[in-house]
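Here is a short briefing on one protein chain. Please keep the sequence and the structure open while reading.

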Amino acid sequence: GWTVNLTKTGVVQGTQQTGANGCYQWTDLGPVPGGYYDVSEVVPAGWTPTSPTSHNFASPPQSGAPYSFTFTNFKNVDVQACKLKDADGNLATTGDQTPIAGWTVYLSIDGGRQLPGQLTGWDGCYTWTNLGPGHSYDVEEDVPAGWVALTPTSYDFGPATSGGSYSFTFI
């Protein structure tokens, strides 16, 4: 369902959607004396290209020769940190955990903490959205005086994979 465009010496020749296998194909295009064919993709919101978004096939193409180009993209990820209060300090007890709004949580990208910290919402969570490829993400929390952490105060998700959704709950 990705939109791919074909131009011939700068003039649009066609637009199509990729099929279920992610491929597209134009056939019987003919020669382009002194010109070129260019194929380009339209990258939807929430995706990051990891290859060029267009490719030029110089002229003259060889008769009957197939030409191909593969576009590659990364579906951006979301990272969520949540904070719950455990009423009795025993993680084995069920039903006694409630969300804490206004708790400071941090996102680290490749080991570098992103400042400022963010505050959890009414549901006890904060989500960083639309994060790109090639990075390792982790979340951290501050534990103020008078509180005892029942879970680790940081969690490393490791390198992000395309389309992943990552969440950790601090208690």
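His55 sits in strand β5, residues 54–58. Strands (E, at least two residues) and helices (H or I, at least four) are DSSP runs, numbered from the N terminus. The model is predicted: local features need pLDDT of at least 70, side-chain atom pairs count only at pLDDT 80 or more, and totals for chains, interfaces and linings use all residues. Residues are numbered from 1 along each chain as its sequence is written, and side-chain values use heavy atoms, with hydrogens and water left out.

**His55 and its surroundings**

- His55 counts as partly exposed because its relative accessibility is 26%. The classes are buried (under 20% relative accessible area), exposed (over 50%) and partly exposed in between, with a 1.4 Å probe and protein chains only.
- Leaving aside residues up to four places away in sequence, His55 touches Tyr37, Asp38, Val39 and Phe69. Contact means heavy atoms within 4.5 Å.
- Thr3 is 52 residues from His55 in sequence, and their C-alpha atoms are 14 Å apart.

**Overall architecture**

- The protein chain has zero helices and 14 strands.
- Along the sequence, the pattern is β-β-β-β-β-β-β-β-β-β-β-β-β-β.
- The radius of gyration of the protein chain is 24 Å, whereas a compact globule of 171 residues would have one near 16 Å. This radius is taken over C-alpha atoms, and the globule rule is 2.2 Å times the number of residues to the power 0.38.
- Along the principal axes, the C-alpha atoms fill a box of roughly 80 × 30 × 25 Å.
- Of the contacts in the protein chain with a separation of 6 or more, 51% join residues 24 or more positions apart.

**Surface and charge**

- Of the 171 residues, 33% count as buried.
- The protein chain exposes about 9,800 Å², and carbon and sulfur atoms supply 54% of that area. Accessible areas come from the Shrake-Rupley method with a 1.4 Å probe; for residues, only the protein chains shown count as cover.
- There are 5 positive and 14 negative side chains. Lys and Arg count as positive, Asp and Glu as negative; His and the chain ends are not counted.
- The centres of the two charge sets lie 4 Å apart. Each charge is placed at NZ of Lys, CZ of Arg, CG of Asp or CD of Glu.

**The disulfide**

- A search of the whole structure finds one disulfide. The criterion is a pair of cysteine sulfur atoms within 2.5 Å.
- Cys82 and Cys125 form the link, with their sulfur atoms 2.0 Å apart.
- The pair joins distant parts of the chain: Cys82 in strand β7 and Cys125 in strand β11 (residues 125–131), 43 residues apart.
- The Cys82 and Cys125 link is right-handed, with 105° about the S-S bond.
- Both Cys82 and Cys125 are buried.

- Thr18 lies in the loop between β2 (11–17) and β3 (36–41).
- Thr18 counts as buried because its relative accessibility is 11%.
- Beyond residues up to four places away in sequence, Thr18 touches Gly1, Trp2, Val4, Cys23 and Tyr24.
- Cys23 is partly exposed, at 45% relative accessibility.

**Positive phi angles**

- Asp110 is not a glycine, yet has a positive phi of about 55°. Asp110 is in the loop between β9 (104–109) and β10 (112–119).
- Asp110 is partly exposed, with a relative accessible area of 47%.
- Asn130 is not a glycine either, and has a positive phi of about 60°. Asn130 is found in strand β11.
- Asn130 counts as partly exposed, at 45% relative accessibility.

**Two further loop positions**

- Gly163 is in the loop between β13 (154–159) and β14 (165–170). The relative accessible area of Gly163 is 42%, so this residue is partly exposed.
- Gly163 touches Lys75, Asn76 and Val77, not counting residues up to four places away in sequence.
- Ala92 lies in the loop between β7 (77–86) and β8 (97–99). Ala92 is exposed, with a relative accessible area of 66%.
- Ala92 and Thr151 are 59 residues apart along the chain, and their C-alpha atoms are separated by 13 Å.
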